[in-house]
Amino acid sequence: MNKILLMFFFISISTFSQTIKSWQNYSSFKNVAQSFQIENTIWAATDGGIFGFSASDSSYQILTKSDGLISQNITSISKDQNNKLWIGTNEGYIIVYTPETGELKTILEIFKTDKSIKTINNILISDDTAFVSTAFGLTLININDFSFFDSILKFGEFTTETPVKKVYLGSTIFVITQAGIAYKKSGATNLTAPESWLNINISTQIPATSINSLIEFENEIYAATDKGLLKNSNGIWSSFLYNNFEVLDVIEKNQMIYSLLENTIHLYNGSDQIIISEQNINFNSFIVDTQNNLYISTNKGLFFQSESKQNFLMPNSPATNGFINITVDHENNFWSATGKNGAGIGVIKFDNLNWSILNTSNTNEMIFNDFHRVSASGKSVYFSSWGRGFVRFKDNQFQRFDASNSALIGIPGANDFLVINDIEEDANGNAWILNYWAADKKPISVLKNDGTIISYELASPLASTIISVKELVIDQYNTKWFSGDISGDAATEALFYFND
């Protein structure tokens with residue numbers, strides 16, 4: 001035991017004596033919240049940072065924390081008249097980025113407030129003013145000197161600090177809030193005064209429970225709501241299109257109305273037509289450029305459609321930000337598990353150049369996508385699932401081991417529910433397996449080189465009730481060390497060892 005402790009101590013000293021010269025962030029750019037165009041480049045806001053796609057040479061530029069961003073959880077994006085990007089985050093940061101120079105400026109005033117939720121929901125810039133919609137009101141910022149000249153916390157009769165979703169500038173200032181629509185009174189100049197605003201309440205005045213966006217078209221107001229696209233005629237709201245379907249966004253462009261639903265985009269030009277329909281994709285927002293090309297922010301990347309083609313725009317990156325367990329194999333490939341209980345999307349691989357994912361769509365031996373642990377040992381990589389055994393990747397071949405095709409027993413009362421918490425190979429290439437809550441009370445098993453599996457019950461009377469076995473290490477004497485607890489009680493967690 002002393003030798004093991006000395007080994008750990010030596011490794012710790014060696015590890016911390018090394019100097020990390022630079023960091024590189026790897027994050028997923030799949031979940032796009034918003035996008036904005038600056039000349040030939042489309043910039044996308046994601047929960048993994050910012051990326052820009054140049055239409056002129058099909059190249060990508062990415063911005064993450066390692067490039068200077070204070071946060072990668074981006075919720076909104078816009079541009080000012082100087083072609084600077086204004087970026088809002090979930091934490092309340094506002095980041096101003098100059099693409100030409102690479103300069104980044106972070107505005108901290110909203111983040112520093114005492115509000116419990118500080119999310120920047122949207123940024124709209126008109127002339128020299130940035131209208132910043134937040135979880136507690138509306139803030140107006142001068143884009144030239146970054147000064148805050150108005151903070152509006154109450155709109156008419158709406159409750160103070162009602163969350164603001166976005167602003168629309170038309171015949172007046174329209175503010176879409178969680179309570180309904182507020183609009184500036186004619187002639188009002190003091191926007192911070194509640195009496196400068198009139199209200200249109202949801203439910204009582206608008207037949208909807210949520211408003212997402214609005215436009216003015218041919219002197220009438222249209223609102224995108226959870227009950228469809230509504231129209232205001234002479235002060236009366238009524239259903240116009242898509243009754244009882246949620247409309248997430250609406251845009252007026254070239255005398256036409258574009259409406260964004262969950263996974264379709266409709267165009268209304270006297271009659272309604274679906275111009276994009278993509279199943280199994282969730283749309284978040286969209287923009288229409290001067291050539292009527294569409295850029296749609298989705299949960300699977302930035303979707304582009306023109307008259308002649310459509311495709312997803314996204315730099316090569318991980319398929320998710322859910323890295324719940326990682327390892328590196330003997331060829332320096334990086335692997336990560338992605339989730340359990342329905343949250344997993346397979347196993348991620350990075351070969352130092354490209355990111356890929358292995359799952360049910362491309363790997364026959366994967367009959368599930370929930371993998372909560374990956375282990376690289378010897379020349380094999382093991383993908384452990386929560387309930388469906390494990391998959392071994394060796395010599396470019398996949399092999400599945402579960403309760404139906406192996407000698408491993410799952411949990412009591414559901415013997416086919418097989419949870420594997422760790423796998424390590426010994427010096428002879430045998431794979432040792434930790435089986436969570438094994439019904440046969442044999443928490444550790446070995447997959448031998450000839451394909452047979454042998455399971456062991458530990459000798460101690462208490463050890464026969466070990467449930468949560470995990471974190472396996474094999475020492476130079478072929479002793480298997482692992483942690484576990486008795487009867488599922490964390491207070492009894494202990495270190496166990498086994499030598500066959």
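# Pockets, sheets and a buried strand

Strand 9 gives the lining of the largest pocket its largest share, namely six residues. Welcome to a short tour of this predicted model.

**The largest pocket**

- The volume of the largest pocket is about 1400 Å³.
- Its lining is made up of 46 residues, and those closest to the centre are Asn122, Lys166, Asp249, Phe286 and Ile287.
- Seen by element, two or more lining residues come from each of strand 1 (32–38), strand 5 (74–79), strand 9 (120–126), strand 13 (164–169), strand 17 (211–217), strand 21 (249–253) and strand 25 (283–288).

- Strand 4 provides the largest share of the lining of the second largest pocket, with three residues.
- By class, the lining of the second largest pocket holds four nonpolar, seven polar and two charged residues.

**The open sheet 17-18-19-20**

- Four strands in the order 17-18-19-20 form an open sheet with antiparallel pairing.
- The edges belong to strand 17 and strand 20 (236–241); each has a single partner strand, so one side of each is left without a neighbour in the sheet.
- On average, neighbouring strands of this sheet are turned by 30° against each other, direction ignored.
- Strand 17 runs antiparallel to strand 18 (residues 220–225), and six bridges join them.
- Within that pair, Leu214 has Ala223 in strand 18 as its bridge partner.
- Strand 17 also links this sheet to the first topic, being among the elements that give two or more residues to the lining of the largest pocket.

**The open sheet 29-30-31-32**

- A further open sheet of four strands, again with antiparallel pairing, has the order 29-30-31-32.
- Strand 29 (325–328) and strand 32 (355–358) are its edge strands; each has a single partner strand, so one side of each lacks a neighbour in the sheet.
- Neighbouring strands here are turned by 20° against each other on average, direction ignored.
- Four bridges pair strand 29 with strand 30 (residues 334–337) in the antiparallel sense.
- Thr327 faces Trp335 of strand 30 across this pairing.

- Strand 38 (residues 431–435) is largely enclosed by the rest of the structure, because five of its five residues are buried.
- Both of its faces are covered, with Ala431, Ile433 and Asn435 buried on one side and Trp432 and Leu434 buried on the other.
- Strand 37 (residues 418–425) pairs with strand 38 in the antiparallel sense over five bridges, and Glu424 has Trp432 as its bridge partner.
- These two strands form a hairpin with five residues between them, and Gly429 in the turn has a positive phi of about 85°.
- Strand 38 also pairs with strand 39 (residues 444–447), antiparallel and over four bridges; there, Leu434 has Ile444 as its bridge partner.

**Ser384**

- Ser384 sits in strand 34 (residues 380–387).
- It counts as buried because its relative accessibility is 0%, with the cut-off for buried being under 20%.
- Beyond its neighbours within four places in sequence, Ser384 is in contact with Phe371, His372, Arg373, Gly389, Phe390, Ile420 and Ile423.

- Glu161, although not a glycine, has a positive phi of about 65°.
- You will find Glu161 in the loop between strand 12 (148–152) and strand 13, and it counts as partly exposed because its relative accessibility is 31%.
- Asn280 is a residue other than glycine with a positive phi, near 65°.
- The loop between strand 24 (272–277) and strand 25 holds Asn280, which counts as exposed at 66% relative accessibility.

Notes
Residues are numbered from 1 along each chain as its sequence is written. This is a predicted model: local features need pLDDT of at least 70, side-chain atom pairs count only at pLDDT 80 or more; totals for chains, interfaces and linings use all residues. Side-chain values use heavy atoms; hydrogens and water are left out. Buried means under 20% relative accessible area, exposed over 50%, partly exposed in between (1.4 Å probe, protein chains only). Contact means heavy atoms within 4.5 Å. Two strands pair if DSSP finds at least two bridges between them. Axes are lines fitted to C-alpha atoms, for helices over the stretch in contact, and angles run from 0 to 180 degrees between N-to-C directions. On a 1 Å grid over the protein atoms alone, a cavity is a set of points where a 1.4 Å probe fits but cannot get out, and a pocket is an open set with protein on both sides within 12 Å along at least five of seven lines; lining residues have an atom within 4 Å of a point. Grid points are joined across faces, edges and corners, and a volume is the space filled by probe spheres set on the points. Ala, Val, Leu, Ile, Met, Phe, Trp, Tyr, Cys and Pro count as nonpolar, Asp, Glu, Lys and Arg as charged, and the others, Gly among them, as polar.
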